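Dear colleague,

I am handing over the structure below, together with a short account of what was found in it. Please have it open beside you as you read.

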Amino acid sequence: MDEQQEEFAIRVRDLVVGFGRQTVLDHLSLDVRRGEILGLVGASGGGKSVLMRTIIGLIPRWSGAIEVMERPIGGRTQGAATTWGILFQQGALFSSLTVRQNVQFPLRENLVLSQELMDEIAIAKLEMVGLRAQDADKYPAELSGGMTKRVALARALALDPPILFLDEPTSGLDPIAAGDFDALIRTLQRTLGLTVFMVTHDLASLTTVCDRVAALADGKIVAIGPMRELLQSEHPWVRAYFHGKRSQMLQHEMR
Ligand SMILES: Nc1ncnc2c1ncn2[C@@H]1O[C@H](COP(=O)(O)OP(=O)(O)O)[C@@H](O)[C@H]1O
Ligand SMILES: [Mg+2]
């Protein structure tokens, strides 16, 4: 095993993915370093969710190679649940299950544990994401947007995966809840040593929590680096995204 490989949690090479006659990802390559928070930006419908879903083996690829924690993805994805936790874009909780049952869901699916142990784990995970034990018996309909995201996060982390995938986790949250969620992601990444792959449009998230930002345009990663480097990018789409009127206004207000 060479040193280069060990550095990366995710390696994507020459990935081509499409549906019917539509090519969505077109010879895309991307490395995610171990222990970093990587932000992914791109136009709506540009293939961010498709990239995430292809990495975790939910969408088949036309060609190219993907490795996650040094293991090739494709064909068999067994053991995957312990490798990554996922917060899907439309990642709703199971509405008929309590918070506790939602968090325990991956445990039940993947392990054989006593009810007592599962209850202990659920409470520990809820506390880890800033919720209280009293919240465990609530139903999703009784939760605020921010709490719902936290429960989904607790569920994603139930099996202690080293990698966390987040698809627009702060969309739909007010700025305060979004800021709190970002801070939580940063804390969890530091304390658990997680690698985080985060699709986001949130300029605050990009500047405050992401170690690096990757820009997806025309089916490829056209720029990648710390946010300050992306702001210098000459790529037309990246320039338009970060220096367009709307983002100028937002950046101005963030100062
Ligand atoms: N399961 C699917 N079947 C057919 N087309 C899909 C499917 N999933 C995504 N697409 C198409 O792929 C493109 C990229 O979608 P997506 O990755 O969801 O974009 P976004 O960057 O907004 O997350 C879109 O044109 C979408 O319609
Ligand atoms: Mg998406």
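Predicted model: local features only at pLDDT ≥ 70, side-chain atom pairs only at ≥ 80, totals over all residues.

Six strands make up an open sheet with mixed pairing, and their order across it is 6-7-8-3-9-10. At its edges lie strand 6 (84-87) and strand 10 (220-225), each of which pairs on one side only, and the twist from one strand to the next averages 15 degrees.

Turning to the helices, helix 5 lies across strand 6 and strand 7 (163-167), and runs at about 160 degrees to strand 6. Helix 5 (residues 145-156) also meets helix 6 (residues 175-192), their axes coming within 11 Å and crossing at roughly 20 degrees. Because angles under 35 degrees count as roughly parallel, helix 5 is described as roughly parallel to helix 6. The crossing of these two helices is right-handed. On the side of helix 5, the contact is made by Lys-149, Arg-150 and Leu-153, while helix 6 contributes Asp-180, Phe-181, Leu-184, Ile-185 and Leu-188. Sorted by class, the contact of helix 5 with helix 6 holds five nonpolar and three charged residues, with no polar ones.

Note on methods: Residues numbered from 1 in each chain as written. Chains lettered and ligands numbered in written order. Heavy atoms only, no water. Axes fitted to C-alpha atoms, helices over the stretch in contact; angles between N-to-C directions. Helix = DSSP H or I, 4+ residues; strand = E, 2+ residues; numbered from the N terminus. Parallel < 35°, antiparallel > 145°, perpendicular 65-115°, else oblique. Left-handed = near helix turned anticlockwise from the far one by under 90°. Contact = heavy atoms within 4.5 Å. Nonpolar A, V, L, I, M, F, W, Y, C, P; charged D, E, K, R; others polar. Pairing = 2+ DSSP bridges.
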